[in-house]
Amino acid sequence: MSTVTRYLAREIYKATAFVLVAFLGLFAFFDFINELDHLGKGTYGLPQAFLFVLLSVPGHIYELFPIVVLIGTLAALSSLAHHSEYTVLRVSGFSPWRAGATLVRIGMAFVVLTVVIGEFVAPVAERTAQQLRLDRLGRAVAQELRTGLWVRADSNFVNIQEVLPDSSLKGVRIYEFDEQMHLQTISEAQAGTHVEGNTWRLTEVQRTEFTPEGARVERLPNIDWRSVLTPDMLAVLLVRPEKMSAWALYQYTEHLAKNRQRTERYEIALWKKLVSPFAALVMMGLALPFAYILVRAGGVGAKLFAGVMLGVLFHFLNTLFSHLGVLQSWPPFASAILPSAIFLLVAIGMMWWVERR
């Protein structure tokens, strides 16, 4: 790594870290204000509220990282330009395209960090935070219907009254059909706990079997039930798709597709997971032209304001295209990549304009 690359990397990393801390402090404050409504309910107190806010930090890092990288890179490059350091680099043969290649090398650290946080840290922290809150408030996971959660698995239908924060089940009913969709058995269990893999242990089971001779009922203390359901799939009830890991999203999408259910929202979230790490590189490319313009007019402050506005616009477009993709049935990959592609084209256009000057 050359001296110039090391120097630019140090300045960009330092500025990005400062911006990240500032944003996290702001969002943590807002999170804590929101948690005040839950204080005193059940056993949810101040320690739990602080822990919930702390566990929410990785999710905020993942969501804010493109904006933070954009503002941090803008701040670093604008500061260098303001003190004529970038002018010296340009005179020394540091062309715009060489600068772009240098930023890509520096930005690979951001790509790796985004993958690590998005795949291994944020999903676990988010799920733990939701479990903590639900457990302390004494609530079950949200149920969309009065009859509980319904899941289709091949020709079987499963009704679960409650999914508890530890992924255990209460009030399980399993309706088994044959290939002609004739009802074969109904199994009712008071509770269910995950054993391993796709196996659940159901307790206090009443099984009704329908035969040509009539209905036959048997009661069992417990049975092992093999199902496509896993705790990771049920985690979708605790964690928004945007905060799930790519592997969990892939598994759940496959499950929905096999059972002929809509997958658009989860496919878009999956593609966004794959595209998101490279959004940081796009943001760095977008920041580069600002090192060549507005050197005197407006200075660093104007560039930072422009960076904030561009970051907000990127976040807005990212959310907008996700919703439009679901509503308009756009291809999931297109919905996920369009915001980054638009900003990449803008960055290339600005660099071309700078080069012409």
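This is a predicted model: local features need pLDDT of at least 70, side-chain atom pairs count only at pLDDT 80 or more; totals for chains, interfaces and linings use all residues.
1. Residues are numbered from 1 along each chain as its sequence is written, and side-chain values use heavy atoms, with hydrogens and water left out.

2. Let's begin with helix α2, residues 46-82. Helices (H or I, at least four residues) and strands (E, at least two) are DSSP runs, numbered from the N terminus. If straight, the 37 residues of α2 would span 54 Å at 1.5 Å a residue, yet its end C-alpha atoms span only 45 Å. The expected span of a helix is 1.5 Å times one less than its number of residues.

3. Where does α2 have a kink? Look at Leu64, shortly before the proline Pro66, where the kink is about 60°. The bend at a residue is the angle between axes fitted to the seven residues ending there and the seven starting there. After α2 comes Ser84, with a positive phi near 65°.

4. Is α2 mostly covered or mostly exposed? Mostly covered, with 28 of its 37 residues buried. Buried means under 20% relative accessible area, exposed over 50%, and partly exposed in between, using a 1.4 Å probe and protein chains only.

5. Even so, α7 has a kink of about 40° at Ser276, shortly before the proline Pro277.

6. Next, the second largest pocket, which holds about 630 Å³ of space. Of its 23 lining residues, the closest to the centre are Glu242, Lys272, Asn318, Thr319 and Ser322. On a 1 Å grid over the protein atoms alone, a pocket is an open set of points where a 1.4 Å probe fits, with protein on both sides within 12 Å along at least five of seven lines; lining residues have an atom within 4 Å of a point.

7. Now the rings: the structure holds twelve aromatic pairs. Rings of Phe, Tyr and Trp (its six-membered ring) pair if their centres lie within 6.5 Å; planes under 30 degrees apart count as stacked, over 60 as edge-to-face and the rest as tilted. Phe32 and Phe50 are stacked because their centres are 4.9 Å apart and their planes are at 15°. Phe32 lies in α1 (residues 3-35) and Phe50 in α2, so this pair ties together parts that are 18 residues apart in sequence. Phe32 is buried, at 19% relative accessible area.

8. Phe321 and Trp330 form a tilted pair, 6.0 Å centre to centre with 45° between the planes. Phe321 is buried at 13% relative accessibility, whereas Trp330 is partly exposed at 29%. Elsewhere, ring pairs link Tyr13, Phe65 and Phe110 into a cluster.

9. Met181 has a phi of about 60°; Met181 sits in the loop between β3 (169-177) and β4 (183-196) and is partly exposed at 40%. Glu204, with phi near 55°, is found in strand β5 (residues 199-211) and counts as exposed at 56% relative accessibility.

Terms used
Grid points are joined across faces, edges and corners, and a volume is the space filled by probe spheres set on the points.
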